[in-house]
Amino acid sequence: MALVFPFFANLLAWAGLVLLVRPIAAVRFDTQSMGRNNLKGEYLKFVSRTYVPYGPDLASNPKQAANEQPWTGFGYGFGATEHWVYDHLNKYIYSQSEAGEYIAIMDYLDETLATVTSYSLDLTSYNSDIRDIAICPSKGLLFVSLFELNKVLMFQAVDRNSPDIPKVIKEIDAGNAPDALRLTDDCKYLAVANQNEARSITDGAGSVHIVSNFQEDDQTAVPDVQKVSFSSFTDTDLIRKKLHMPLTKNSMMYMRDVAGIISDDALIDWNYLIDNYDPAIALDPEFMAFNNDGTRLFVNLQDNSGLVSIDPATGQVLQIQGYGLKPATSGVGVDLLETGGCSRLTTTGAFLTNPCLFLGRTPDAITTVEVDGVDYVITAEEGSDFGLGEYGEKYDAKDLFNGTSFTLPGFVADPSFFDTSDATKGCAANFNSECDEALVERGWCASGFELTIGSMAVDYETNYTEPIMSRIVGFGGRGLGIFKVDRDTNALQAIWDSGSDFEVETCKSFPWAHNAIQDDNFIAKEDPAYTVFADNQEDYDERNDPAQDGCQDRGDGEPGPCPMKDTVGEQSASDGPAVESVVVGVACGRLVMVGCGENNGICALYDISNITSPVLKKVFHLSPVSENFSPTVAYKNRTLGDIDSETILFLNDTISPTGKTAIMFGGAISGTISLYEFQCESDDGAGESDDDLEAGAIAGIVIGSVFGGVLIAVLCVVMSGRRGGSRNQKEMDTADVPPSTEMTSQPNSMSGGGGGSAIGSSSA
C-alpha cells in the first residue's frame with residue numbers, strides 16, 4: 001500500500017484536468033447517432049466512498065464551535081447529505097445538513113482522498129431552515145434557500161486559486177417559504193419552488209418564482225423575480241385534468257358540516273379556508289427540471305400527482321395536468337402485506353391485485369431528457385400524502401372500513417365496492433378491519449394499507465354531504481415513469497412505467513431488502529444522534545428494544561436496531577420501496593436511467609435508448625453490508641453504504657473526477673457519497689475493465705482531515721495509476737467494503753447536491 005498525500009497529488013491532478021473540462025449541457029440523445037458501444041460486465045464499478053460531517057461536533061463535551069474548522073461531527077442519522085451539489089470546475093462538493101444550518105464544503109480534487117475544508121458555511125445566524133442548494137460552476141455562484149426567512153442567498157462559490165468561506169453577494173426575495181431550487185444549464189434562470197407547508201392559513205398557497213438577471217456585477221442590482229401563481233385554477237379544472245386534490249372546497253365543507261372535524265389547530269379554520277378558498281393551498285410544488293434548451297420549466301406537484309409546464313421567460317403557466325393513476329387491478333400487482341416477504345410471494349406466484357386497487361403516483365424527483373427532438377419527463381414515484389396542521393388525507397384502511405360501516409359519516413359506495421350488509425363482500429373486503437382471509441373472496445387481508453380520502457378516491461363534488469368512494473388508492477407508484485411532453489400543446493402522455501420491477505426484481509436478487517427499511521430512527525444509544533436529538537429518544541428506544549421494534553443481534557451480538565434482513569416487508573403497507581430519485585445520461589453510447597428507493601437502498605439501471613421500451617439491465621444495492629448489520633455497526637466499521645439516496649448525479653467523462661462516465665450517489669441518512677464508473681465494451685472514457693480489488697485492500701473509503709493547515713490523508717489507499725491506469729475497485733453488488741484503517745487524526749467526509757446544473761442531476 002502507498003500513502004498518498006493529497007497536497008501534491010491534488011496539484012498534479014488539477015494541472016492536468018482543468019483544460020479538459022467542457023461546459024455542461026442538458027441531456028439530449030439522438031438515436032440515429034447511437035454507436036455500437038454498449039454496457040458490459042456488471043455495468044457499474046465502485047470507485048470510492050466518502051463519509052461527510054453533518055457540521056461541528058454537537059455530541060462532544062464541550063460542543064465544537066461552528067467557527068472551529070474543519071468540522072468533525074460525524075454519525076449516522078444526521079442527514080449530513082440531505083442535498084448536495086458538485087462544482088466540477090473547482091472540484092468542491094457542498095453538502096446541506098439536517099442537523100442545523102450547516103453546509104459542509106469538501107475538497108474533491110482527488111475522489112479517493114476527499115477532505116473536509118476549513119471554509120464550510122455556518123448559517124446559524126440566519127435562524128432559518130436550509131431547504132436546498134444549487135450551484136452555477138461557470139459563474140462561481142452558490143444559491144441557498146432559507147425557508148422561514150423567505151430568502152434565497154446568493155454566494156460567491158469557493159475559488160480553488162484563493163479558497164475562503166463563501167461570501168453572500170445578494171439576498172433574493174423569492175416568495176413565501178422557498179424550498180427546492182433549479183438552475184438552467186446556462187444559469188440564466190433560477191427556479192424556486194414555494195412549497196405548501198403553511199405556517200398560517202393566509203400564506204399556504206403553493207407557487208413558483210423565477211429569478212433572472214442575478215449575475216449583474218453591480219452587487220446592489222436587484223434581480224428580476226417573477227411569481228408564477230397557481231391560484232387561478234378551480235377544483236373542477238384540476239380534477240378534470242386528473243390532478244389529485246387532497247382538499248377541495250367541497251371536501252372542506254364536508255369536514256366542517258358532516259364529519260364535524262373541529263380542531264384547535266389555527267391552520268384548520270374551515271370557515272376562513274372556505275370563505276377565502278384558494279385551490280393552491282393544496283398544490284404542492286416539489287422538485288423541478290428544465291428541458292434541454294431552457295424554454296420549459298417542469299414543476300412536479302408531488303402531493304397532487306401532477307405536472308406544471310411553465311415558460312420561464314414570461315412566467316406563464318402553459319399547462320397543468322395529472323400523471324394519472326397506476327392500476328393494480330390485474331397483472332403482477334403489488335405487495336401490501338407486512339409478513340411473509342419474498343417467500344410468500346414465491347409461494348403464491350404473484351403479488352396482490354384487486355378490482356378497485358390503484359396507486360397514486362405522487363412522484364418525488366423528476367428529470368428530463370430530449371430524444372430525437374422530443375421532450376420527456378421521467379418520474380421517481382416515491383409516494384407522499386398531504387397534511388394541513390392536524391388534518392391529513394391518509395388513513396389506514398381499517399380505520400375507514402369498519403365491518404359493515406364507514407367510520408366517516410355520510411360516505412356512500414356501490415355494494416360492489418363496499419357492501420354494508422356483508423363485510424366479506426366487495427372490493428373493500430380485503431381492507432376491512434374485520435377482514436378474515438378464510439372468508440373474503442380473494443383470500444388476503446391488508447387492513448393496514450395506507451390510502452387516501454382525497455379526490456383520487458372520493459367524489460365530494462357531486463354532493464359533498466354524501467361523498468362517493470369508488471377506489472382504493474395508495475400513495476406512490478413504487479417505480480419509475482416516462483411521460484412525453486408535446487412541444488406545441490404541452491400535453492402530457494404516459495408512455496411507460498416500470499410496473500412491479502422494483503418489488504419483483506428485488507425479491508429475485510435481494511430478498512433480504514424487499515420493502516425493508518433502515519431510516520433515521522435506527523439510532524443506537526451510543527450513537528451521537530441519540531444525544532443530539534434527545535427529543536427523539538422515545539422513537540429511538542423502540543428500535544433498540546427487541547421487545548418492540550429492535551433485534552437481539554444488531555450484527556455484533558448486541559441488542560439494538562435491526563439489520564435490514566429483519567425488517568423485510570415493513571414498508572409493504574405504505575410506500576414499498578419508495579423510489580425517490582432518478583437520473584438519466586449517456587454512458588457507453590447508450591441512454592441510461594437509474595432510479596433508487598429511499599427505504600431499502602435498492603436501485604435499478606435501465607437502458608432507455610429506445611425510450612418507449614426500456615430494458616432493465618441491473619438491480620443493485622447501495623449498502624450490501626446492511627443485510628446483516630445495523631447502521632450503527634456498519635457506520636462504526638466504515639462499511640455502511642448509501643442509505644436514503646435523495647441526490648444522484650450523472651457525470652459524463654468531461655466532468656467526472658476520474659475522466660470516465662460515472663454516477664455519484666449521496667445517502668442522506670448515512671451521510672455518505674459514493675462514486676461508481678460505467679464499464680463499456682469499448683473505451684469511450686466511461687469505465688474500462690479494471691482489475692478487481694486485491695484481497696484485503698481498502699476499497700476507496702474516504703475520510704479526510706486537516707492537520708497543521710495541510711491536508712493529509714487519513715486512509716492508506718491502494719492505487720495503481722491516478723488517471724488512465726487500472727484502479728482498485730469492487731463490484732458494487734458483490735462484496736462489502738472492508739473496514740477502513742484510520743490514523744490518529746479526526747475523520748472527515750463529504751457530500752454533494754440538490755439543485756445543481758450537472759448533467760442529469762436529480763435530488764429528492
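Serine 500 touches Val332 and Gly333, leaving aside residues up to four places away in sequence; a contact here means heavy atoms within 4.5 Å. The structure is a predicted model, in which local features need pLDDT of at least 70, side-chain atom pairs count only at pLDDT 80 or more, and totals for chains, interfaces and linings use all residues. Residues are numbered from 1 along each chain as its sequence is written, and side-chain values use heavy atoms, with hydrogens and water left out.

Serine 500 is placed in the loop between strand S34 (492-497) and helix H6 (501-509). Helices (H or I, at least four residues) and strands (E, at least two) are DSSP runs, numbered from the N terminus. The side chain of serine 500 reaches the backbone oxygen of glycine 333 at 2.5 Å. Arginine 478 is 22 residues from serine 500 in sequence, and the C-alpha atoms of the two lie 7.3 Å apart in space. Serine 500 counts as buried because its relative accessibility is 14%; buried means under 20% relative accessible area, exposed over 50%, and partly exposed in between (1.4 Å probe, protein chains only).

The disulfides form a second topic. A disulfide is a pair of cysteine sulfur atoms within 2.5 Å, and by this rule the count comes to seven. One of them joins cysteine 356 to cysteine 427, with an S to S distance of 2.0 Å. This link of cysteine 356 and cysteine 427 is right-handed, with 50 degrees about the S-S bond. Cysteine 356 lies in the loop between helix H5 (341-348) and strand S21 (357-360), and cysteine 427 in the loop between strand S28 (405-406) and strand S29 (450-452), so the pair ties together parts that are 71 residues apart in sequence. Both cysteine 356 and cysteine 427 are buried.

Another disulfide connects cysteine 551 with cysteine 562, S to S 2.0 Å. Its torsion about the S-S bond is about 100 degrees, so the disulfide of cysteine 551 and cysteine 562 is right-handed. Cysteine 551 and cysteine 562 each lie in the loop between helix H8 (537-544) and strand S35 (579-587), so the pair ties together parts that are eleven residues apart in sequence. Cysteine 551 and cysteine 562 are both buried.

Cysteine 596 and cysteine 603 also form a disulfide, with sulfur atoms 2.1 Å apart. The torsion about their S-S bond is about 110 degrees, so this disulfide of cysteine 596 and cysteine 603 is right-handed. Cysteine 596 counts as buried because its relative accessibility is 0%, and cysteine 603 is buried with a relative accessible area of 0%.

Notes: A polar contact is a pair of N or O atoms within 3.5 Å; within protein, one must be able to donate a hydrogen and the other to accept it, and residues adjacent in sequence count only if both atoms are side-chain atoms.
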